[in-house]
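Here is my note on this chain, point by point. Please read it with the structure open.

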Amino acid sequence: MQNLSSLSPGQHVAVIGAGPAGLMAAEVLSRHGASVDVYDAMPSAGRKFLLAGRGGMNITHSEALPDFLPRYGGRRDELAPFIRRFDNEQLRAWIHGLGIDTFVGSSGRVFPLEMKAAPLLRAWLHRLRESGVRFHMRHRWLGWDEHGALRLAGPDGEITVTANATLLALGGASWPRLGSDGAWAPLLQQRQVDVAALQPSNCGFELDWSEHFSTRFAGEPVKPVVASVARPNGGMHNRRGEFVVTAKGVEGSLVYALSAPLRDAISAHGSVRLHLDLLPDWTLEKVQSELAHPRGARSMSSHLQSRLHLKGVKAGLLREVVSKEDFADPARLAQAIKALPLTLLRPRPLAEAISTAGGVSFEALDDGLMLRALPGVFCAGEMLDWEAPTGGYLLSACFATGHGAAAGVLDWLGTNPSHVTREEAHK
């Protein structure tokens, strides 16, 4: 990509989507001379961004890039140029420029000082409007008409918009009530754009609890544990943390962190085994030694609580999963405590997921995130085919690809006369 440079007057860009990627693109474009209109189906901008920030706005992570970039898994190489161009440190500096201070939490996650998304979004929208960005809410994108103009369903009926370039930042398909419903996918597929199937990411999983276990322990946190799932080519994904038992399965940060390999294994095999080390700070030998102590008239449950401090939901999990015969055998019970197998059957529905996997293939895009099949149309944010764990990585890539797609627009418009619109480029 070229360095960002200002455009000649009159270059009009339509940004579809008022989430973090779309707003970042609008800011970069307006700063470099583009005339920018932002359209969004929702009544107000950044609705998913605001909801994500209710529990504490985790904006990015403080890791150095050699540790940061691998969080994007198989799409690390595709995302790396954009994240390097607008990395976590630049993102923090950008937030500070809005008058919002940040701090690094004990886990390395970066938060606004007030821990809220609303003050940041208010300051950002004010600055965008001051820079001349125009917002059109309650305008749902419907694709293109026969002349190549954008079709939008607005409060007063359908309108068409002609722009020199279009930047799509329509999100994935999680939390559809906030606007990310994936309705854009067939519109692009009809134009021969390769779109990978949208799937849940950072999601919970279902399994068949007994009614007794579900009734007694739903809502209970399980901590600390180490969870393990087999890699397709050998070895194990291992991660320490905590999760929550739900009425129908499991969810929480530890499960979300392993959601990609769990989901992919279920897709390939119909189910997946998740192994839990219920006593991660104890060796197997120590567990075996403690269980070998005579228990006299005490029940095994009392023995577990006395010797291993296993009680509550962890003891309940053992009772739920381990057979009566294995529960009564100290050697086999010790093995189960260190590697308790849960059979996960399916991910929770996509609409409940924190984020989305799948989307517009990077192979369908050039280095500036322009669709090869549709010159002058760019894509950014979660609608691209990548995924990442929670911890600030999701927002970081949305901001970075919004920034990068805007740079791509500026590059493209800089080499095209201002009067060449998207539909004219197709002739």
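1. **Terms first.** Buried means under 20% relative accessible area, exposed means over 50%, and partly exposed is what lies in between. Met115 has a relative accessible area of 30%, so Met115 counts as partly exposed. The model is predicted.

2. **Overall.** The protein chain holds 17 helices and 20 strands. Its C-alpha trace spans about 90 × 45 × 40 Å along the principal axes. Of the 427 residues, 54% are buried. The accessible surface is about 18600 Å², and carbon and sulfur atoms account for 49% of that. Take the contacts between residues at least 6 apart in sequence: 70% of them join residues at least 24 apart.

3. **The open sheet.** What is the strand order in the open sheet of 5 strands? The order is β6-β2-β1-β10-β20, with parallel pairing. β6 and β20 (377-379) are the edge strands, each pairing on one side only. From one strand to the next, the twist averages 20 degrees. Helix α1 packs on this sheet and touches β1, β2 (35-40), β6 and β10. The direction of α1 makes about 170 degrees with that of β2.

4. **Two pairings in detail.** β1 (residues 12-16) and β10 (residues 165-168) run parallel and are joined by 4 bridges. Ala14 has Thr166 as its bridge partner in β10. β2 and β6 also pair in the parallel sense, over 4 bridges. There, Val38 stands opposite Phe135 of β6.

5. **Faces of β6.** Which residues of β6 sit on the covered face, and which on the uncovered one? Phe135 and Met137 are on the covered face. Arg134 and His136 are on the uncovered face. In a regular strand, side chains alternate between the two faces of the sheet.

6. **Helix α6.** Residues 118-130 form α6, a helix of 13 residues. From first C-alpha to last it reaches 18 Å, close to the 18 Å expected at 1.5 Å a residue. Its buried residues are Pro119, Leu120, Leu121, Trp124, Leu125 and Leu128. An α-helix has 3.6 residues a turn, so residues three or four places apart point the same way. The partners of the buried α6 residues include helices α1 (20-31), α2 (47-52), α5 (88-97) and α16 (393-414). Strands β5 (109-112) and β6 (134-137) also pack against the buried residues of α6.

7. **Either side of α6.** Met115 lies in the loop between β5 and α6. Its phi is near 65 degrees, a positive value in a residue other than glycine. After α6 comes Gly132, also with a positive phi, near 100 degrees.

8. **Helix α4.** In α4 (residues 76-85), the buried residues include Leu79, Ala80, Phe82 and Ile83. Among the elements that cover the buried residues of α4 are α3 (65-68) and α16. Helix α16 also packs against the buried residues of α6.

9. **Backbone points to check.** The peptide bond from Lys223 to Pro224 is cis, with omega near -20 degrees. Pro224 is within strand β13 (residues 221-230). His309 is not a glycine, yet its phi is positive, about 60 degrees. It belongs to the loop between α12 (300-308) and α13 (312-321). Is His309 buried or exposed? Its relative accessibility is 59%, so His309 counts as exposed.

10. **Cysteines.** How many disulfides are there? The count is 0. The cut-off for a disulfide is a pair of cysteine sulfur atoms within 2.5 Å. Cys379 is in no disulfide, and its nearest cysteine sulfur, that of Cys398, is 13 Å away. Cys398 is likewise in no disulfide, with the sulfur of Cys379 as the nearest, 13 Å away. Cys379 has a relative accessible area of 0%, so Cys379 is buried. Cys398, at 11%, is buried too.

Definitions and conventions:
Residues numbered from 1 in each chain as written. Predicted model: local features only at pLDDT ≥ 70, side-chain atom pairs only at ≥ 80, totals over all residues. Heavy atoms only, no water. Helix = DSSP H or I, 4+ residues; strand = E, 2+ residues; numbered from the N terminus. Expected span 1.5 Å × (residues − 1). Buried < 20%, exposed > 50% of the residue type's maximum accessible area, 1.4 Å probe, protein only. Contact = heavy atoms within 4.5 Å. Pairing = 2+ DSSP bridges. Axes fitted to C-alpha atoms, helices over the stretch in contact; angles between N-to-C directions. Areas by Shrake-Rupley, 256 points an atom, 1.4 Å probe, with all protein chains shown as cover.
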